[in-house]
Amino acid sequence: MQMLMQLGGVDGFRFDSTVCVRRYGVNTSECWHGNALTNDDGNRLLVNATAMVREEGGLSIAEDLNDNTGVLVSRSAGGLGFDHQWRNDLYVAMNSSLSEGQFGSLVDALSLSCQENSPLHGIAYTETHDTASGQHGNNKLIFRLLLQEVPFSRALALSAAGLVA
């Protein structure tokens, strides 16, 4: 990573599935469950990686998706030291809004995403490689929005790349 930053011009990294680096179970899917065990080696790896990225002047983003505030806590205070957290609340709210025809949860998610003082301050997205890949069915958010009859949905679909809060 250091070489990529120093020689390749990379200015930061997004770490995929950090919850599964921090925790483990009998199989990989169990890292998401409450009974998963702490992986001390994984925690050390993430702490060292965020320290190196910070020392090089870069930005580190965790895809943790467990609303774990410790991901953003500084290393000196016992956290992992990430700068931002990849957040799925906007994606979930948009899908719920489309399914239920109610936009209250979407307004709440947008509001939360824009709160700079939120302990879960992060990057809200509307699609990722996981959601757009079709592994959760052929139900890509952008297509669902474009098929809606409501003009608001079409406008939102054209600007739905994501929000950096």
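Which residue forms a salt bridge with Arg14? I started there and found Glu63, with the closest N and O atoms 3.4 Å apart. My cut-off for a salt bridge is a side-chain nitrogen of Lys or Arg within 4 Å of a carboxyl oxygen of Asp or Glu.

**Ground rules.** I am working on a predicted model, where local features need pLDDT of at least 70, side-chain atom pairs count only at pLDDT 80 or more, and totals for chains, interfaces and linings use all residues. I number residues from 1 along each chain as its sequence is written, and side-chain values use heavy atoms, with hydrogens and water left out.

**Entry 1: salt bridges.** I searched the whole structure and got 5 salt bridges. Back to Glu63 and Arg14. This pair links distant parts of the chain, 49 residues apart: Glu63 is in the loop between S4 and strand S5 (84-87), Arg14 in strand S1. I then checked burial (buried is under 20% relative accessible area, exposed over 50%, partly exposed in between; 1.4 Å probe, protein chains only). Glu63 is buried at 3% relative accessible area. Arg14 is partly exposed at 29%.

Next I looked up Arg22, which forms a salt bridge with Asp64. The closest N and O atoms are 2.9 Å apart. Arg22 lies in helix H2 and Asp64 in the loop between S4 and S5, so the pair ties together parts 42 residues apart in sequence. Arg22 is buried at 9% relative accessible area. Asp64 is buried too, at 0%.

Then I took Asp83, which forms a salt bridge with Arg54 at 2.1 Å between the closest N and O atoms. Asp83 is in the loop between S4 and S5 and Arg54 in helix H3, 29 residues apart; again the pair links distant parts of the chain. Asp83 is partly exposed at 23% relative accessibility. Arg54 is partly exposed at 40%. I also noted one network: salt bridges that share partners join Arg14, Asp16 and Glu63.

**Entry 2: around Arg22.** What does Arg22 touch, leaving aside its neighbours within four places in sequence? I list contacts (heavy atoms within 4.5 Å). Among them are Leu37, Thr38, Asn39, Asn43, Leu46, Asp64 and Val71.

**Entry 3: helix H3.** H3 (residues 40-55) has 16 residues. From its first C-alpha to its last I read 22 Å, close to the 22 Å expected at 1.5 Å a residue. The expected span is 1.5 Å times one less than the number of residues. Which residues of H3 are buried? I found Gly42, Leu46, Ala49, Thr50, Ala51, Met52 and Val53. Their cover includes H1, strand S1 (12-15), helix H2 (18-22) and strand S4 (59-62). At the start of H3, a side-chain oxygen of Asn39 comes within 3.2 Å of the backbone nitrogen of Asp41. Just after H3, Gly57 has a positive phi of about 80°.

Entry 4: I looked for nonpolar patches (residues with over 30% relative accessible area and no salt bridge; like charges joined within 9 Å, nonpolar side chains, namely Val, Leu, Ile, Met, Phe, Trp and Tyr, within 5 Å). Met3, Leu4 and Leu7 form one on the surface, with about 360 Å² of accessible area together. Areas are from the Shrake-Rupley method with a 1.4 Å probe; for residues, only the protein chains shown count as cover. Met3 lies in helix H1 (residues 2-8). Met3 is exposed, at 57% relative accessible area.

Note on methods
Helices (H or I, at least four residues) and strands (E, at least two) are DSSP runs, numbered from the N terminus. A polar contact is a pair of N or O atoms within 3.5 Å; within protein, one must be able to donate a hydrogen and the other to accept it, and residues adjacent in sequence count only if both atoms are side-chain atoms.
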